[in-house]
Amino acid sequence: MPQGAEAFRNGFRLPPAVDFEMRESLVALLLLPIVCAASHFASAEWRLARMSCRIVIQQNTQITYIYRCVSCLGASTPEHLELELELHRCVGSQVATVTRHIESHELEPLRRTDSISIFHIPAGNDGDALVRRIINMLNPRQPRKHLHKYIFLWPGASMEQLQDLFSGCWAKQLLFGLAITRVDDGIFDFDPFAEGGLRVVQQRDHSASYSDKLKDMRGFELRYSMFADPLMAIPIQPVARYGYGAVDGVAARVAAEILNASVTYVLPEDNESYGRCLPNGSFTGVVKDLTSDKTHFGPNSRFVLDCMWPQVEVLYPHTRRMLYLVVPASDIQPEYLIFLRVFRRSVWHLLLANFLLVVLFFWLLQRLQKRVPRRWDMGRRFPFARWYEIVETFGKSHLGEPVERFSQISSMRAFLMCWILFSYVVTTIYFAKLESAFVRPTYEAQLDNLDGLSSLNVRIYAVTTIFDAVKSTLSERHYSLLASRSRQLPLALTTSYYQLIVSRRDRRSAFIMRDFHARDFLALTYNAQADRPSYHIVKEYLRSMLCTYIMPLGSPFLYKFQSLFTGFHEHGFYEHWRQMDLITRDGTSPNAEEFYEELGDQTDTDPAVADAAGNRRKKHVVLTLDVLQGAFYLWSLGIVLSSFGFLLEHGYCFWKTQQHKPYNIT
């Protein structure tokens, strides 16, 4: 056995004959792996890779992209390759990872999930060319920018190089980016709102976290694309300084104050307000200013048309609005029918049947009374009436005429007196309600579905985008009914209450309006003389759409405005501002809120609530058996008493006959 192997087997107990140099070489050979491992763990490349890996694990995104450049200068050095290998080994073993080659992408691909991107840049000046290429590759239209974060692993980069890197990132609307340059305190962030412009910030606490850069914007100029709305954004002159009032105006101003930003209000140059889609794929109005990066935010609450969704970003839609058709209220019922509509048809039928039964019953009583002998010649002095005379007598007494002939028979007199009392009660109620019907007349049924539009002679006014919005949801027949009566108006009119002007000029005008605008319009056009609205909201709505606010695609301010406006909704600020606006609006009384509540049944768009309210109102206008049952109970009691008297008379007559019957003596 060789001496070295034997020595290894004996636990380094070398025989004395072994030379000292051989023992040194054996010890060095055994310690070589330990020394190599220690030098590996202590290398800067390994520690830089671990710093990047720690940030990735801390963010815990759904996917991590590692961008590498094979053909770049300095990408083939041992240090660069070692760092890249360790980066893939650490990150790939912890999270879902995708490796991409920068050479294959001229523009950063769009992403649908939250992510973190790591760009491995060659050390020092060798990475300048790649940095310029990365900045050109960053996609300024990347949606939901706050969900995507970036790490720039650039060993040995100077402050000037980092300044150029972050300036290019901010120009591409990138908000969350960290640069790692060295092992000790080598993590850098940037502050785009620092005094004097963008400033590179070194993280001292080694937390390696992405800071909230929009917490304090230090007077940064936010440009709002905003225009007047008669209900939601009322201009406060001068608009450039004070902006707008009402709900949208107050929310936009408060958000800017919280962010410590200055605001510039920009009106659309084409005066197209909400904006519309053109056939060539471009836009007008506010949407044009936002998509061209002229402004940062559109604080007017609005619908987003289908053609606009791919080009803008929207805040979370906390409300859903309906588009309703507002038509003129129904006309008053013809006066010649008012005498018949005081009672329901069933009541009239019951009164007629009751009258015929009374005549028949009285005629039968009269026929039966012939069998009762009287002490006077009743047939000569008070002849029995024929059937048509009975009809005449009861008809006159029912209308209040005096009775010319009055029977001396008690049962017949009682029957006729009960009929007169019953007639008095019924006619009193009838004429009382007839008088009230003249004061509070009834109206024909309102239009509550689009099928009835074919019989309505109206002209429907709305801006062009409203007709585009309802076209995709209505049936072909319903849309043709709207289109045949449509009067399309330019978008510029949305900044004013054009409905009020049109309604004064055209009495047969109808409008397509949002639900809260429609309710306010009904309040403004309320007919105080008739004590009812002049217009009516058709309960079958035309379309339900999300009501939200829009920003440019890829806006870095989305998450902050989303957080602020969500807080406004959840803490009730919107409702408070709405009530305050209702109280302080010009031309509105201090009891405006109570007025809206009283108007609620007439402007309620819920069919169930509207039907219940209608039934309540009908009970005060049309008489039913619930109101007339007392009179019928009284009449029934009279019939029972007269019938009881009739039976007593016949019983008494029969008893007298039996008493005076001669005995037959044989």
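**Labels and their grounds**

The unreviewed UniProt entry annotates residues 347–365, 414–432 and 632–655 as "transmembrane region". The model discussed here is a predicted one.

Q: What makes residues 347–365 and 414–432 helical in this model?
A: Over residues 347–365 the chain is 100% helix and 0% strand, with the end C-alpha atoms 26 Å apart. Over residues 414–432 the chain is likewise 100% helix and 0% strand, and here the end C-alpha atoms are 27 Å apart.

Q: Which residues are in contact with Thr465, once its neighbours within four places in sequence are left aside?
A: Thr465 is in contact with Gly275, Arg276, Leu305 and Leu491, where contact requires heavy atoms within 4.5 Å.

Q: What is known of how helices α3 and α4 cross?
A: The axes of α3 (residues 44–59) and α4 (residues 78–92) come within 8 Å and cross at roughly 35 degrees, and the crossing is right-handed. On the α3 side the residues that meet α4 include Trp46, Leu48, Ala49 and Val56, while on the α4 side the residues taking part include Leu83, Leu87, Cys90 and Val91. By class, this contact has nine nonpolar, one polar and five charged residues.

Q: What percentage of the chain's contacts with a separation of 6 or more links residues 24 or more positions apart?
A: Residues 24 or more positions apart account for 76% of those contacts in the protein chain.

Q: How confident is the predictor in the chain, and where is the pLDDT below 50?
A: The protein chain averages a pLDDT of 81, and 80% of the residues score at least 70. Over residues 1–42, however, the pLDDT is below 50, and this stretch has 16 contacts in the model beyond near neighbours in sequence. Over residues 375–382 the pLDDT also stays under 50, and the model has seven contacts beyond four places in sequence for these residues.

Terms used
Residues numbered from 1 in each chain as written. Predicted model: local features only at pLDDT ≥ 70, side-chain atom pairs only at ≥ 80, totals over all residues. Heavy atoms only, no water. pLDDT = per-residue confidence, 0-100. Axes fitted to C-alpha atoms, helices over the stretch in contact; angles between N-to-C directions. Helix = DSSP H or I, 4+ residues; strand = E, 2+ residues; numbered from the N terminus. Left-handed = near helix turned anticlockwise from the far one by under 90°. Nonpolar A, V, L, I, M, F, W, Y, C, P; charged D, E, K, R; others polar. UniProt positions renumbered as here; feature names shortened; annotations may be inferred.
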